[in-house]
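Dear colleague,

Please find below the structure I am handing over to you. My findings follow it.

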Amino acid sequence: MGLRDWISTSYIPILALNGAEMQALEELPSQDKDALLPFIQLKNWFTATTLEKSLARVTKAYGTRPFIADVCPVGLDEDPYRPVFRELAALRDPTDGYSNWCDFIEAHEKLIPAVQLKQPSQIPSQIVRLAALKRGMAVHVTRQMIGAAEDLAQILGAATDKGDDLCFILDLGRQNEDLLLNEAVTVQLIQRVRKYLPKAAL
């Protein structure tokens with residue numbers, strides 16, 4: 001088992017690393033923090049120059065509890081001359097099975113890694129390294145990636161012994177009047193994903 005038991009985790013909120021959401025997390029009672037498992041996309045913390053400042057802000061809000069870490073998408077405001085943005089660019093680099101990302105996760109023992117998905121050919125070798133850490137892994141499939149979810153599940157199932165210690169998150173984003181339709185589509189998709197990932201938490 002990884003750093004957290006997926007089955008007993010009551011809630012996985014997808015949080016932005018910004019002032020409002022970190023303050024809200026910080027103000028939660030300890031028992032509520034123990035019950036949830038935040039999924040946080042790492043990014044620059046305001047004017048800080050390194051990602052270590054971002055991690056320090058999460059620790060201030062959530063303590064030393066493990067959390068799921070991902071890399072934020074490229075932002076329009078990224079300045080290649082600032083060290084923090086060079087760090088982020090390196091973590092997004094798919095070379096050698098996202099080796100920079102794997103190195104980063106390995107160096108921070110309380111991080112549960114989100115599998116980087118942009119380059120599917122690099123997923124199997126990435127998973128070998130991340131699985132060796134025995135912390136568990138998460139996969140975040142956004143609305144834009146729904147069409148590829150089943151193909152991803154097949155790749156992940158082959159690389160993780162059918163989803164062992166993997167949490168597969170289908171994220172449809174903000175809901176609207178199509179909620180019931182989205183629910184029906186999601187149930188069908190979960191059934192197809194489950195064929196390849198019977199051991200995963202969905």
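Which backbone oxygen does the side chain of threonine 9 reach? It is that of aspartate 5, at 2.9 Å, where a polar contact is a pair of N or O atoms within 3.5 Å, one able to donate a hydrogen and the other to accept it within protein, and residues adjacent in sequence count only if both atoms are side-chain atoms.

The model is predicted, so local features need pLDDT of at least 70 and side-chain atom pairs count only at pLDDT 80 or more, while totals for chains, interfaces and linings use all residues. Residues are numbered from 1 along each chain as its sequence is written, and side-chain values use heavy atoms, with hydrogens and water left out.

Threonine 9 lies in the segment before strand 1 (14-15); helices (H or I, at least four residues) and strands (E, at least two) are DSSP runs numbered from the N terminus. With a relative accessible area of 10%, threonine 9 is buried (buried means under 20%, exposed over 50%, partly exposed in between, with a 1.4 Å probe and protein chains only). Apart from neighbours within four places in sequence, threonine 9 is in contact (heavy atoms within 4.5 Å) with Arg4, Ala35 and Leu37.

In helix 4 (residues 83-92), the buried residues are Val84, Phe85, Leu88, Leu91 and Arg92. They lie on the same side of helix 4 because they cover an arc of only 120° around the axis, the arc being that of the directions from the helix axis to the C-beta atoms. Their cover includes strand 2 (39-42), helix 3 (51-62), strand 3 (67-71) and helix 5 (95-107).

In helix 6 (residues 123-132), Ile123, Gln126, Ile127 and Leu130 are buried. These residues fall within an arc of 100° seen down the axis, so they line one face of the helix. Val128 and Ala132 are exposed on the face turned away from that buried side. Helix 5, strand 4 (111-113), strand 5 (137-142) and helix 7 (149-159) are among the elements that cover the buried residues of helix 6. Just after helix 6, lysine 134 takes a positive phi of about 60°.

Yours sincerely
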